[in-house]
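Let's take a walk through this model, starting with how its chains are arranged and ending with a single side chain. Keep the viewer open as you read.

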Number of protein chains: 4
Amino acid sequence: MGEQPHYTGRLLISCPDRPGIVAAVSGFLFAQRANIVSSHQYSSDPSGGRFFLRTEFFLPDGCDRAALAEVFAEEVADRFEMDWQLRWWGERRRTAILVSRQDHCLLDLLWRRRRGELDTDIVAVISNHPDLERETLAAGVPFHHVPVPDGGKAQAEERMLELLEGNAELLVLARYMQVLSDGFLARIGMPAINIHHSFLPAFPGAEPYRRAHERGVKLIGATAHYVTARLDDGPIIDQDVVRVDHRQGVEELERVGRDVERLVLSRAVSLHLQDRVLPDGRRTIVF
Amino acid sequence: MGEQPHYTGRLLISCPDRPGIVAAVSGFLFAQRANIVSSHQYSSDPSGGRFFLRTEFFLPDGCDRAALAEVFAEEVADRFEMDWQLRWWGERRRTAILVSRQDHCLLDLLWRRRRGELDTDIVAVISNHPDLERETLAAGVPFHHVPVPDGGKAQAEERMLELLEGNAELLVLARYMQVLSDGFLARIGMPAINIHHSFLPAFPGAEPYRRAHERGVKLIGATAHYVTARLDDGPIIDQDVVRVDHRQGVEELERVGRDVERLVLSRAVSLHLQDRVLPDGRRTIVF
Amino acid sequence: MGEQPHYTGRLLISCPDRPGIVAAVSGFLFAQRANIVSSHQYSSDPSGGRFFLRTEFFLPDGCDRAALAEVFAEEVADRFEMDWQLRWWGERRRTAILVSRQDHCLLDLLWRRRRGELDTDIVAVISNHPDLERETLAAGVPFHHVPVPDGGKAQAEERMLELLEGNAELLVLARYMQVLSDGFLARIGMPAINIHHSFLPAFPGAEPYRRAHERGVKLIGATAHYVTARLDDGPIIDQDVVRVDHRQGVEELERVGRDVERLVLSRAVSLHLQDRVLPDGRRTIVF
Amino acid sequence: MGEQPHYTGRLLISCPDRPGIVAAVSGFLFAQRANIVSSHQYSSDPSGGRFFLRTEFFLPDGCDRAALAEVFAEEVADRFEMDWQLRWWGERRRTAILVSRQDHCLLDLLWRRRRGELDTDIVAVISNHPDLERETLAAGVPFHHVPVPDGGKAQAEERMLELLEGNAELLVLARYMQVLSDGFLARIGMPAINIHHSFLPAFPGAEPYRRAHERGVKLIGATAHYVTARLDDGPIIDQDVVRVDHRQGVEELERVGRDVERLVLSRAVSLHLQDRVLPDGRRTIVF
């Protein structure tokens, strides 16, 4: 963050692993006179697995970015069947946030944005309740109240799609308590990150904190994951837990849960915006 | 532990909550000239809930212990419908351990016993495999190989019951990989503590570490609990987790899992032996 | 918190340990028809140590509170040379906050107050910089800018004393970057809680995060403590750490530091306001 | 570890950062038909900083290892002024351990060696006390009792140097309670790893656990570091902490300390033996 760029460009690659990938990529960058700032790579299995790479680099002034991308595609990417992206410093992605009534995740994201911890513009907060309008507007972010009345989910989702379309590259579900339809998820055209509580053992269904308390769990946790059609079962980005004991009532477990939820969600959104999360089927590689 | 007693007696109480319990118990102890060393209490709900108390105290020399227990029963316990126990310094409980092939939990328990961290005599190690005989004998503990051939579980459990009956007050399942029958659990006549891996989300069934790795979990955990007829679902005593990432293969996750398993199991056994774990239906109160 | 009281009164005791204290206190409460909701006690040493007790209880309607306190003093407290306090549900203490430019601790406290997590009224924010006025006023709290020019500390502290005197029962230093004089601390007449970063090893002096980074520390921590004349060395209330690694630059360590600082400070303030922190010389007992 | 090699060779590099390093190294490996298994790199600063690389790779059968090292030196290493090492699968390093009377770190290392968690041969245990001879011999490791009488340190260190010289590539101080002379450290000719307790704040000098207890610390920690002439101040390899509270006496803090010490030391030794710790002046890079 801050004023000075830590890099000019960021290259993300995912492809079938085989010898020569790093030599080809680093040879290409060297030929372009790029100076690598940081680089992480991972192979799920050197024989038959998948290779992942994330590189940040400086380029000398006056470099032709469009040409560079074209040359990379021709000389390197096609040969190795790469999924790849090239991002440039200053190309800030836009984020939209869905909330319901709980404010802890939303406020933490808005505050981190203001502190410069999240490299994004928050362009819209959409909620099925009007409660958080004042805080959203105070942070200079447009607020859209899209109620979801009984039988009105399809219409509400259409309205949300209109608000999102072309306006954001990331959707964050910051304790949005409505289930989104598969159709909505298929049409948003951007990744969505969700946060949900996690216990050992799990307590699916209603009133999880009450049931966790009744069962005497010693750890309260949260999981941030990409949203897929499989409810609460998308690729995990980050997780954390906090220790609790029998003296803490349901209310206090919920308070602890809020603390760990806002922290894990903000960390996951930050990792995503730094392109440090690469999907690998049902899991993620986090560099 | 060490040489000097930290207390003479330990009183454990569980009863329906209502006013006057603490006044009655502490008045009784004061009248006996007991000096309270430590005391913990908890009420699940002051109206209609359950009250739990654990007190350690010194008594002046020459006190008649049997008489004291009798007087307590008459004057206090019956009036408040208490479940209660009175333990005396030096009344060491005996522990038996079930293992299979994995040695990490067993060795940790044997070592802590030797260090004086566990206030118990380990009287027997029973295993369905012969692998850990040498380490067990080296610690001065009898080893019993009770194989469980196909179709031979009933007979094996009979043999184990013979070995346990009258010889132990606690059974620890230190990675015992056989499912114990409800009948066995009903007949052992002592609490049993089990350790099992815990992930977020859970991966019931075979090869949990491989599946946790495929799913990219970020936390590897373990849960120690009392064994009940509901598999892996008894009252939780302790839990912990360790953070992992995608670079760690299945083997390394298993290594991390062993570290957290042995720590959590030893902590749970230690808490139990100090009478710090009071059952409360499907959960525990840990003082 | 919430609408329903969890208790009527809260009794805090600290006195030389000797037999009979619990019997006397619980006998007194029972005689007053009090119903104990929760109770914690601790003795630093049953022979010659100090005894600490915190009890929450309900009283029947119509009880005369002033009389009860008087009777307690006469019948119990004096006999055992007790330091004691009796607090009643609804007697909310007032908190003042000192800040400089960093907003993370202040905003977290204001937000938790609004959520009902902190049982206090925040009556004033005092700062040596004007930066955080807008956020403070937005939370409905008066903001006082008290600059501390070179050579003007004595005058600034006089102004702060005027603002605090009779207006608050707790002072929180939420990243206030001026050293307070011993005279100021002696005159405020209320406890003060401070937060500061903690590393292993410690890096006293300027730019601690840069030096921690140069030294490759693996844990970033924070400590909340009562302020005494010994700088950063008062009784510890709470501490926590977060794991970091070499990839994280100074900026990112500072970000991690902010997260752990705001969490630890808010936890410490909450514990204090619930009267769960009892001083014991240079340390605290946290129930 | 296990039966199958996870790699053939492991290349470790540290050099002044400048463009082209990764291209040169990966181009070289590709030309040798090496298949990279894993690779980590880090630059302390792309302009004027230091570059670190750790790569594991497979080579086709029949490759001439000596020739490969020679070619790498000529074609790559010299050009970039690299400090480098090339290690081959199966070249197991030898470890010697210094202990005094405390057994927890020693036993953990011996057990992990037997489990195959540490890729080393433990060739000697040297102690200034005879206490741990039986456990050492039971693990099949030679035990050397080298007492350090008053005024006899120089002679004892000479004896230890004789035992170590040419016999080990790593020295582990597993709670060795004697201060080693600078001369000894200068002459051992191998890295040495030490473990020591860590508190927030630190308590240098005698009886740290007693003083930590008196001060009410909430976290008990341990730090593993390379030994340098500056006592307890060498580059940190790993650290960890465990939460404690006022109820835990000095004895129990020591027990918690042992648990965290053995875990952190074993992790640090394992990281070192996997060549995952690269020194960078007063700190380490841990891949």
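This is a predicted model: local features need pLDDT of at least 70, side-chain atom pairs count only at pLDDT 80 or more; totals for chains, interfaces and linings use all residues.

Residues are numbered from 1 along each chain as its sequence is written, while chains are lettered from A and ligands numbered from 1 in the order in which they are written.

Start with symmetry. Two copies of a chain are related by a rotation about an axis and a shift along it.

Now look at where chains C and D touch. The contact takes 26 residues from chain C and 26 residues from chain D, with two residues in contact if their C-beta atoms, placed from the backbone, lie within 7 Å. On chain C, helix H7 (208-215) and strands E10 (219-226), E11 (236-243) and E13 (283-286) each supply at least two residues of the side that touches chain D; helices (H or I, at least four residues) and strands (E, at least two) are DSSP runs, numbered from the N terminus. And 100% of the interface residues of chain C are also interface residues in chain D, so the copies meet through the same surface.

Stay with E13(C). Both of its faces are covered: C:Arg283 and C:Ile285 on one side, C:Thr284 and C:Val286 on the other, are all buried (20 or more other C-beta atoms within 10 Å of the residue's own, C-beta atoms being placed from the backbone). Its antiparallel partner is E12(C), residues 277-280, joined to E13(C) by 4 bridges; strands pair if DSSP finds at least two bridges between them. C:Val277 stands opposite C:Val286. The two strands form a hairpin with 2 residues between them, and C:Gly281 in the turn has a positive phi of about 65°.

Finally, hop to B:Val37, in strand E2 (residues 35-43) of chain B. B:Val37 is buried, with 20 other C-beta atoms within 10 Å. Leaving aside neighbours within four places in sequence, its contacts include B:Tyr7, B:Phe58, C:Ser43 and C:Pro46.

Technical notes
A residue is buried if 20 or more other C-beta atoms lie within 10 Å of its own, exposed if 12 or fewer, and partly exposed in between; C-beta atoms are placed from the backbone.
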